[in-house]
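Please look over the sequence and the structure below before reading on. The briefing that follows is grouped by topic.

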Amino acid sequence: MAEQTHDTAECKRVDDGITRVFQVLGKRWNGPILAVLMGQPTHFANLRRAVPGISERMLSDRLAELGAAGLVVREVDEGPPLRVSYRLTTSGAALEPSLRELGEWAKEHLPDTPPCPGTAG
């Protein structure tokens, strides 16, 4: 067996980038919100309908967090009626290939889950 010449604590340390990514993407709802916004800018009400089970308050909180992380921009559409929409920033849009790849990985490696209520399986 080869002699170890490095600090084993360093081997076990998690990459700082991975830690920062999962502090944002690891929160419940953030992945689905970003996935909906990948297609196009979306009004708040449509975004809420597209993410089953999320409350208005939680959606608002998560959008604020994603905005603070520089991934989402809030835009007010002058009315009447006054409507708010959200779109990905350049940084948010840059996540698309990675999120699509994670989705493909999940299809192959994670067990199936029941479909969303009210949808055909």
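Is threonine 89 buried or exposed? With a relative accessible area of 16%, threonine 89 is buried, where buried means under 20% relative accessible area, exposed means over 50% and partly exposed lies in between, using a 1.4 Å probe and protein chains only. This is a predicted model, in which local features need pLDDT of at least 70 and side-chain atom pairs count only at pLDDT 80 or more, while totals for chains, interfaces and linings use all residues. Residues are numbered from 1 along each chain as its sequence is written, and side-chain values use heavy atoms, with hydrogens and water left out.

**The chain as a whole**

- The protein chain has seven helices and three strands, where helices (H or I, at least four residues) and strands (E, at least two) are DSSP runs numbered from the N terminus.
- Read from the N terminus on, the elements of the protein chain follow the order α-α-α-β-α-α-β-β-α-α.
- Of the 121 residues in the protein chain, 20% are buried.
- The accessible surface of the protein chain is about 9,000 Å², and carbon and sulfur atoms hold 55% of this surface; such areas come from the Shrake-Rupley method with a 1.4 Å probe, and for residues only the protein chains shown count as cover.
- Among the contacts in the protein chain with a separation of 6 or more, 46% come from residues 24 or more positions apart, contact meaning heavy atoms within 4.5 Å.

**The sheet**

- Three strands form an open sheet in the order β1-β3-β2, and their pairing is antiparallel; two strands pair if DSSP finds at least two bridges between them.
- The edge strands are β1 (42–43) and β2 (72–77), each of which pairs on one side only.
- Strands of a sheet pair through backbone hydrogen bonds, and this pairing can be either parallel or antiparallel.
- β2 is joined to strand β3 (residues 83–88) by six bridges, and these two strands run antiparallel; β2 and β3 form a hairpin, with five residues between them.
- Several residues have a named opposite in β3: arginine 74 stands opposite tyrosine 86, valine 76 stands opposite valine 84, and aspartate 77 stands opposite arginine 83.
- β1 and β3 also pair in the antiparallel sense, over two bridges, and threonine 42 has tyrosine 86 in β3 as its bridge partner.

**Helix α3 and its neighbours**

- The axes of helix α3 (residues 30–39) and helix α5 (residues 56–68) come within 10 Å and cross at roughly 75°; axes are lines fitted to C-alpha atoms, for helices over the stretch in contact, and angles run from 0 to 180 degrees between N-to-C directions.
- α3 and α5 are therefore roughly perpendicular to each other, given that angles of 65 to 115 degrees count as roughly perpendicular, those under 35 as roughly parallel, those over 145 as roughly antiparallel and the rest as oblique.
- In this contact, Asn30, Ile33, Leu34 and Leu37 of α3 meet Leu59, Arg62, Leu63, Glu65 and Leu66 of α5.
- By class, the contact of α3 with α5 has six nonpolar, one polar and two charged residues, where Ala, Val, Leu, Ile, Met, Phe, Trp, Tyr, Cys and Pro count as nonpolar, Asp, Glu, Lys and Arg as charged, and the others, Gly among them, as polar.

**Residues to find in the structure**

- Asparagine 30 is placed in helix α3 and counts as buried because its relative accessibility is 1%; apart from neighbours within four places in sequence, asparagine 30 is in contact with Val24, Arg62, Glu65 and Leu66.
- Tryptophan 29 lies in the loop between α2 (16–25) and α3, is buried with a relative accessible area of 13%, and has a phi near 85°, which is a positive value in a residue other than glycine.
- Proline 41 sits in the loop between α3 and β1 and counts as partly exposed, at 48% relative accessibility.
- Leaving aside neighbours within four places in sequence, proline 41 is in contact with Tyr86 and Arg87, and from C-alpha to C-alpha proline 41 and valine 72 are 9.8 Å apart in space, although 31 residues apart in sequence.
- Threonine 89 lies in the loop between β3 and α6 (90–93) and, apart from neighbours within four places in sequence, is in contact with Gly70, Leu71, Val72 and Val73.
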